[in-house]
Amino acid sequence: MALSPEQEWTLVACGLVAHADEVVDGSEWEHVLFLLDERLEGGESEPWVKLLSDRERLRQHVASLQPPPPLFSEEILEKAWRVALSDGNGSTSEAAVHDEVATLLGIDATQAAEIREHAAERAAKRAELVAGFAAVLIGLDHSVAPGEAAQFDLLLQRLPLTDARREAHRRSLGESPDVEVVLGGLVALDREDRRIVVLELVPLVHQAASTERERELFFELAERLGVMRSDAEQLLARW
């Protein structure tokens with residue numbers, strides 16, 4: 001299945017932002033692979049994985065591309081900035097690369113900054129719900145083990161939250177939020193945000209201390225958010 005210009009530019013833009021710090025964080029790479037999984041099947045993705053993992057080859061490839069239709073430029077840039085936010089908060093070097101990509105797409109720096117701000121607001125809203133559902137998972141047995149608290153803290157560090165909100169979530173761990181309220185907020189997200197929620201929960205669910213009951217609730221959530229169980233299992237296996 002051939003990629004459309006919009007799909008190809010989305011992948012290369014995300015790849016360039018992921019390489020901005022010269023070290024691709026695991027969360028950033030998972031977001032890139034997540035986008036790739038949605039667009040290509042099986043063996044079709046292998047050449048793209050190799051290209052996206054090589055910064056110099058990726059830059060050479062971008063130089064050979066024609067710009068996509070302008071209609072897609074803002075959406076491509078928003079998805080690229082989501083990669084920067086996948087490990088907490090975007091850095092200045094990631095913003096600089098994002099501006100470079102914006103220029104290639106015919107978007108000026110002021111508009112690119114506005115796109116980053118909008119993407120950050122959207123990601124922060126999603127992050128609150130992710131943290132809430134993570135607290136529900138951990139609180140299933142009505143206790144919080146030290147290892148679970150540590151894993152929760154790692155999750156909070158990866159989420160695009162303010163320090164104040166991270167501390168508030170730490171303090172409230174053990175006081176499990178209303179699961180139906182959290183689920184209602186998650187289901188109300190758009191399709192792509194719902195799928196990203198599943199991706200963001202994978203590290204917590206993958207940890208060795210995760211119980212079968214927690215995994216089953218995760219799979220139930222995935223299915224309610226439009227992610228097949230087999231896809232959720234694949235994400236867990238790859239982490």
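Mentor: Start with a cut-off. A residue is called exposed when its relative accessible area is over 50%, and buried when that area is under 20%. Keep in mind that this is a predicted model.

Now look at helix α10, residues 179-187. Three of its residues are buried: V182, L183 and L186. Why do they lie on the same side of α10? They cover an arc of only 95° around the axis, and that puts them on one side. An α-helix has 3.6 residues a turn, so residues three or four places apart point the same way. Turn to the other side of α10. There, E180 and V181 are exposed. So what covers the buried residues of α10? The cover includes α7 (109-138), α11 (191-206) and α12 (212-224).

Take α7 first. Helix α8 spans residues 146-158. The axes of α7 and α8 come within 11 Å and cross at roughly 170°. That angle makes α7 roughly antiparallel to α8. Find the contact residues next. From α7 come V130, A131, A134, A135 and I138. From α8 come E148, F152, L155 and L156. Sort them by class. Eight are nonpolar, none is polar and one is charged.

Now pair α8 with α11. Their axes come within 9 Å and cross at roughly 155°. Are these two helices roughly parallel or roughly antiparallel? They are roughly antiparallel, because angles over 145 degrees fall in that class. The crossing of α8 and α11 is right-handed. On the α8 side, the meeting residues are Q151, F152, L155 and R158. On the α11 side, they are E200, P203 and L204. This contact divides into four nonpolar, one polar and two charged residues. Notice F152 and L155 of α8.

D153 and E167 are 14 residues apart in sequence. In space, their C-alpha atoms are 9.4 Å apart. E167 lies in helix α9, residues 163-172. Is E167 buried, exposed or partly exposed? Its relative accessibility is 34%, so E167 counts as partly exposed.

Move to another pair of helices, α5 and α6. Helix α5 covers residues 73-85, and helix α6 covers residues 92-104. They pack at an angle of about 165°, with axes 11 Å apart. They are therefore roughly antiparallel to each other. Their crossing is right-handed. Which residues make the contact? In α5, they are L77, A80, W81 and A84. In α6, they are E94, A95, H98, V101 and A102. By class, this contact has seven nonpolar, one polar and one charged residues.

Finish with E28. E28 sits in helix α2, residues 26-39. Its relative accessibility is 1%, so E28 counts as buried. Compare that with E167, which is partly exposed at 34%. E28 and L85 are 57 residues apart along the chain. Yet their C-alpha atoms are separated by 8.2 Å.

How values were computed: Residues numbered from 1 in each chain as written. Predicted model: local features only at pLDDT ≥ 70, side-chain atom pairs only at ≥ 80, totals over all residues. Heavy atoms only, no water. Axes fitted to C-alpha atoms, helices over the stretch in contact; angles between N-to-C directions. Helix = DSSP H or I, 4+ residues; strand = E, 2+ residues; numbered from the N terminus. Parallel < 35°, antiparallel > 145°, perpendicular 65-115°, else oblique. Left-handed = near helix turned anticlockwise from the far one by under 90°. Contact = heavy atoms within 4.5 Å. Nonpolar A, V, L, I, M, F, W, Y, C, P; charged D, E, K, R; others polar. Buried < 20%, exposed > 50% of the residue type's maximum accessible area, 1.4 Å probe, protein only. Arc of directions from axis to C-beta.
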